[in-house]
Amino acid sequence: MHGERKPWMWEHLTWPQLRQRVDDQPVVVLSIASVEDHGPHLPMDVDNFLIRSICEATGERIQDQMLLLPHLPFGFETHHMDYPGTIDIAADHLVDFVADIGLSVVRHGFKRILIANGHGSNMPVLDLAARKINNQSEDVLCGSFIWPSLILDTLRQTRQSKYPGGMAHAGELETAVYLHLNEGAVAMDLAKADFGFPPSDFIYHDLAGMGPVNLAPWHSQISDQGVVGDPTVATRENGERWFDATVERMAELVVEFRNWHTKPRTDHH
Ligand SMILES: [Zn+2]
């Protein structure tokens, strides 16, 4: 509703309200993804739209457990720059930018931070940013995750596309969840399968489990139209199932992480 202030949204609070939230130590969540080509059947906002929708639905569900920062819509994309419209933030810039956000959160007294990611190639960058936040503060824990990793079992049991490869980029998973959230923006008549990776036991991309070797060539080397996977088998029903399952697991993750403690740091010099 227009004008409504949501108590779990960072930017909706006043500074005295934010200061007060430190007392009960909610998990501070940063959602991040990317502006990136997603084939001829999906808009550029897929990664942003999906992860933000997941985070907002999670916030609604567990209002007093988390605080959601404003969304960061740009990511690491150099390998996608052959496709018009993609916006690329250099990896080292992004590490520092995300770490600066996290360290600002730490400065205000919060001790648990989760980086919720919607774009695969951000993962190594966000891992480094999270480590930087941990290592430049005391008693703070920051971790990162990409949302499909929360529902691997569900995906394996219910997917129609082949594994590996059917759910890499603009494939079955992203198309299905987009159908669930905004069917009118998906041009299913233009959806085409493309398994552009040469067959390999070791090198493959799939959001339900990557191959043992990390290898990201220029995206135009492994795809004709910017799709890697099979969007043609995506259904709105599976999109709803996967979206709901992700929100449920993310809520469980936030609740657990809020009360998750390690031993204190020890300097063994
Ligand atoms: Zn995507």
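Helix α3 (residues 91-107) lies across strands β1 and β3 (112-117), running at about 155° to β1. The structure is a predicted model, in which local features need pLDDT of at least 70, side-chain atom pairs count only at pLDDT 80 or more, and totals for chains, interfaces and linings use all residues. Residues are numbered from 1 along each chain as its sequence is written, and side-chain values use heavy atoms, with hydrogens and water left out. Helices (H or I, at least four residues) and strands (E, at least two) are DSSP runs numbered from the N terminus; axes are lines fitted to C-alpha atoms, for helices over the stretch in contact, and angles run from 0 to 180 degrees between N-to-C directions. Contact means heavy atoms within 4.5 Å.

Helix α4 (residues 123-135) also packs on the sheet, where it touches β1, β3 and β4, and its direction makes about 170° with that of β4. The sheet itself is open and consists of four strands in the order β2-β1-β3-β4, with parallel pairing (two strands pair if DSSP finds at least two bridges between them). Its edge strands, each pairing on one side only, are β2 (66-68) and β4 (141-146), and the twist averages 25° from one strand to the next. Strand β1 (residues 27-32) is joined to β2 by three bridges, the two running parallel; valine 27 has methionine 66 as its bridge partner in β2.

The zinc ion has as its protein donors His38 (NE2), Asp47 (OD) and Glu174 (OE), which lie 2.0 to 2.1 Å from it. Donors are N, O and S atoms within 2.8 Å of the metal (3.2 Å for Na, K and Ca), and water is not among the atoms, so sites may look incomplete. The spacing of the donor residues in sequence is H-x8-D-x126-E. Distant parts of the chain are linked by the pair of aspartate 47, in helix α2 (residues 46-61), and glutamate 174, in helix α6, which are 127 residues apart. Both of these acidic residues, aspartate 47 and glutamate 174, are buried, where buried means under 20% relative accessible area, exposed over 50%, and partly exposed in between (1.4 Å probe, protein chains only).

Helix α6 is mostly covered, with eight of its 11 residues buried, namely Glu172, Leu173, Glu174, Thr175, Ala176, Val177, Tyr178 and Leu179. The cover over these buried residues includes α2, α5 (152-158), β5 (167-169) and α7. Helix α6 (residues 172-182) packs against helix α7 (residues 236-258) at an angle of about 90°, with the two axes 7 Å apart. The two helices, α6 and α7, are therefore roughly perpendicular, a class that covers 65 to 115 degrees, while angles under 35 degrees count as roughly parallel, those over 145 as roughly antiparallel and the rest as oblique. On the α6 side of the contact are Glu172, Leu173, Ala176, Val177, Leu179, His180 and Leu181, which meet Arg236, Asn238, Gly239, Glu240, Trp242 and Phe243 in α7. Seven of the residues in this contact of α6 with α7 are nonpolar, three are polar and three are charged; Ala, Val, Leu, Ile, Met, Phe, Trp, Tyr, Cys and Pro count as nonpolar, Asp, Glu, Lys and Arg as charged, and the others, Gly among them, as polar. Elsewhere in α7 is found glutamate 248, which is partly exposed, with a relative accessible area of 43%.

Several loops carry backbone features of note. In the loop between β5 and α6 is alanine 170, whose phi is near 60°, a positive value in a residue other than glycine; alanine 170 is buried, with a relative accessible area of 0%. Glutamine 25, in the loop between α1 (15-21) and β1, likewise is not a glycine and has a positive phi of about 45°. The peptide bond from tyrosine 163 to proline 164 is cis, with omega near -5°, and proline 164 belongs to the loop between α5 and β5.

Phenylalanine 110, located in the loop between α3 and β3, is buried, with a relative accessible area of 1%. Leaving aside neighbours within four places in sequence, phenylalanine 110 is in contact with Trp10, Leu18, Arg21, Val22, Gln25, Pro26, Val28, Leu67, Val105 and Val140.
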